[in-house]
Amino acid sequence: MAPKEVCHLTYTWMTSGVSGFLAATLPALSVVRNRLVVCDRSDCVFDAALGGAGIGITSLSTGPFSALRFPRARRAFRAYLAHNPVDAVHLHCSSALELAFLRDAARCGVPVRIAHCHNNGFERTALRAVKQLANRLFRRLYGGAPTRFLGCSDSAVDWICPESRRGDANVIPNGIPTARFAFSADRRKAVRAALGWDDRRILVATGRLSDQKDPLFAVRLLAECRKTDDTAALLFVGDGPLRPQVEALAAQLHLTDHIKITGMTGDVPGYLSAADLFVMPSRYEGFGTAAVEAQAAGLPCLLSDAVPRAAALLPDVRFLPIDLFAWAAACAAIPTSPRAEAAQAVAHAGYDLRATTEKLAAVYRSCLEER
């Protein structure tokens, strides 16, 4: 019997946490035949991972998300389903509005419709309160369209799932390839030499330079840390829309020589091995997979209290409210811990990629065998 066809839909394909999750899990999900559809596509460091596994990416080419483009994206997806029948649609989303795609899938006769939320908030803009209200309304309006809800955390599930449907919801851990992120003394030495920071105490933040991640706080944190530790330096592993503001603030605070931005890179594990402390001052997070990667590399972690507590898998993790002086004091007080066994400990906590794919495979078997 041929494997069932599952269409994974995500609005934006770019170097991000959701794209990384898909690039890691889809090649390992052999229980079904996977295809990926995106509305807006950018160059992405994860393209090769999917291409190497024979998973193509179909772009509907509807452009970046906006209220005006969203109806166009829905029409394009309905047209895609009309010509490409599937057994299930697995939507990877960050808001309840996107559940409209699953209403469209239902109308196209797709029997299994999975809503998988990877976030739990909106960026800080003048319209944030309006968007939050709208999310509650869309959760009620479209909450009947999915046949199953998934989330990377309880708060992510709550973000899109009506309370009356929680019995149809599961949390799926954002597992990582723990062995790949394991601490390497050789990589640490090589990367620190390449950075020219052999003798520095390196704070590292990974992910997009966006309002959600609050990289400007990290820059101010470095300035405060350097008042008591002139070896402190800050490494941003990633890129994003706030890069010009980060560079401008670094120059204003005379920190240009003490901050580096890698840009998009496929060597996140090497940079984590090179670092001494992981910082995540996020304003909101669906889960915080980057913190799991940092823990697998054996790094002590400082996370904002907006990050779900479930992201703390090992002892050297602290949650703090966004207070500059509290974070600087914590940075100074965190001791160095052995790093060699951390990846194995993260795997034992259930956050290895294999555990994630096994749970997703079980969801597919359950949903598809019921039909």
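The legends below describe close-up views of a predicted model.

**View 1. Helices H3 and H4 pack against each other at an angle of about 30°.**
Helix H3 spans residues 69–83, and its axis lies 10 Å from that of H4, a helix that covers residues 100–107. Since angles under 35 degrees count as roughly parallel, H3 and H4 are therefore roughly parallel to each other, and their crossing is right-handed. On the H3 side the contact is made by Phe-70, Ala-73, Arg-74, Phe-77, Arg-78 and Leu-81, which meet Ala-100, Phe-101, Asp-104 and Ala-105 of H4. Sorted by class, the residues of this contact are seven nonpolar and three charged, with no polar residue among them.

**View 2. Helices H9 and H13 cross with their axes 9 Å apart.**
H9 is formed by residues 215–225 and H13 by residues 324–333, and the angle between the two is about 60°. That angle makes H9 oblique to H13, and the crossing of the pair is right-handed. From H9, the residues Phe-217, Arg-220, Leu-221, Glu-224 and Cys-225 meet Leu-324, Phe-325, Trp-327, Ala-328 and Cys-331 from H13. The contact between H9 and H13 holds eight nonpolar and two charged residues, and no polar ones.

**View 3. Helices H12 and H14 pack with their axes 7 Å apart.**
Here H12, made of residues 289–296, meets H14, made of residues 342–351, at an angle of about 135°, and H12 and H14 are therefore oblique to each other. Val-292, Gln-295 and Ala-296 are the H12 residues in this contact, and they meet Ala-342, Ala-343, Val-346 and Tyr-351 in H14. The contact of H12 with H14 consists of six nonpolar residues and one polar residue, without any charged residue.

**View 4. His-92 is a buried residue in strand S4.**
Strand S4 runs over residues 88–93, and within this strand His-92 has a relative accessible area of 3%. The side chain of His-92 makes a polar contact, at 3.0 Å, with the side chain of His-118. Beyond its neighbours within four places in sequence, His-92 is in contact with His-8, Leu-9, Thr-10, Val-18, Phe-21, Leu-22, Glu-98, His-116 and His-118.

**View 5. Ser-95 sits in the loop between strand S4 and helix H4.**
With a relative accessibility of 10%, Ser-95 counts as buried, because buried means under 20% relative accessible area. When residues up to four places away in sequence are not counted, Ser-95 touches Phe-122, Asn-135, Trp-159 and Ile-160.

**View 6. Phe-149 is a buried residue in strand S6.**
The strand covers residues 148–151, and the relative accessible area of Phe-149 is 1%. Leaving out residues up to four places away in sequence, Phe-149 touches Leu-99, Ala-115, Gly-143, Ile-160, Cys-161, Pro-162, Arg-165, Asp-168, Ala-169 and Asn-170. Between the C-alpha atoms of Phe-149 and Thr-356 there are 15 Å in space, while the two residues are 207 residues apart in sequence.

**View 7. Arg-201, in strand S8, reaches the backbone oxygen of Cys-331 with its side chain.**
The distance from the side chain of Arg-201 to that backbone oxygen is 2.8 Å, and Cys-331 is also one of the H13 residues that H9 meets. Arg-201 is partly exposed, with a relative accessible area of 22%. Apart from residues up to four places away in sequence, Arg-201 touches Asp-229, Thr-231, Ala-232, Ala-233, Asp-276, Leu-277, Cys-331 and Ile-334.

Asp-214 is buried at a relative accessible area of 10%, whereas His-254, at 68% relative accessibility, counts as exposed.

Methods
Residues are numbered from 1 along each chain as its sequence is written. This is a predicted model: local features need pLDDT of at least 70, side-chain atom pairs count only at pLDDT 80 or more; totals for chains, interfaces and linings use all residues. Side-chain values use heavy atoms; hydrogens and water are left out. Axes are lines fitted to C-alpha atoms, for helices over the stretch in contact, and angles run from 0 to 180 degrees between N-to-C directions. Helices (H or I, at least four residues) and strands (E, at least two) are DSSP runs, numbered from the N terminus. Angles under 35 degrees count as roughly parallel, over 145 as roughly antiparallel, 65 to 115 as roughly perpendicular and the rest as oblique. A crossing is left-handed if the near helix is turned anticlockwise from the far one by less than a right angle, and right-handed if clockwise. Contact means heavy atoms within 4.5 Å. Ala, Val, Leu, Ile, Met, Phe, Trp, Tyr, Cys and Pro count as nonpolar, Asp, Glu, Lys and Arg as charged, and the others, Gly among them, as polar. Buried means under 20% relative accessible area, exposed over 50%, partly exposed in between (1.4 Å probe, protein chains only). A polar contact is a pair of N or O atoms within 3.5 Å; within protein, one must be able to donate a hydrogen and the other to accept it, and residues adjacent in sequence count only if both atoms are side-chain atoms.
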